[in-house]
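Work through the exercises below with the sequence and the 3D structure at hand. Try each task before reading its solution.

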Amino acid sequence: MIIGKIIRQLRNSKGIGIRELERLTGINRGNISKIERGAGFGPLQLKRLADQLNTTPAVIFALSEILSEQAEILEDAQQISSLCSNLTRLFDAYAKSPKNIKDEINQILTVSQQTPTQSSAVFNTAMSASSR
């Protein structure tokens, strides 16, 4: 799919229409359109397209790899941004919480940093205290 977008971008940057590219490559314009939308293509088609767009299939594949990596980085950045927003809301809620709730949260956080045996003892103590 990314390769098709690259081909379209190269074609547009050179000011070549699909009909002109059809004439230059001998590839039916319907097939060019399909390739640009992400349909499969053969090696000969890619070679013809690359030649007429003054590049090589290797460069197109390299650009595809770079764009794929950038898309992954962007997705990771969006997930990190979402996590930061959630943490901000959590911190805001904590800041607005009454002292007894903050104390319970702090106790839970302390427990999470302890060994399983220590955690069980603190958890049981907290549970018995909250059931009173």
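Predicted model: local features only at pLDDT ≥ 70, side-chain atom pairs only at ≥ 80, totals over all residues.

Residues are numbered from 1 along each chain as its sequence is written, and side-chain values use heavy atoms, with hydrogens and water left out.

**Exercise 1.** State how many helices and strands the protein chain has.

Solution. Take helices as DSSP runs of H or I with at least four residues, and strands as runs of E with at least two, numbered from the N terminus. The count gives seven helices and zero strands. Along the sequence the pattern reads α-α-α-α-α-α-α.

**Exercise 2.** Decide whether Ser64 is buried or exposed, and list what Ser64 touches.

Solution. First, locate Ser64: it lies in helix H5. Next, apply the cut-offs: buried is under 20% relative accessible area, exposed over 50%, partly exposed in between (1.4 Å probe, protein chains only). Ser64 has a relative accessible area of 12%, so it is buried. Finally, look for contacts, meaning heavy atoms within 4.5 Å. Leaving aside residues up to four places away in sequence, Ser64 touches Ile2, Ile3 and Ile6.

**Exercise 3.** Classify Phe91 as buried or exposed, and find its place.

Solution. Phe91 sits in helix H5, which covers residues 57-96. Its relative accessible area is 54%, and therefore Phe91 is exposed. For the chain, buried residues make up 18% of the 132 residues.
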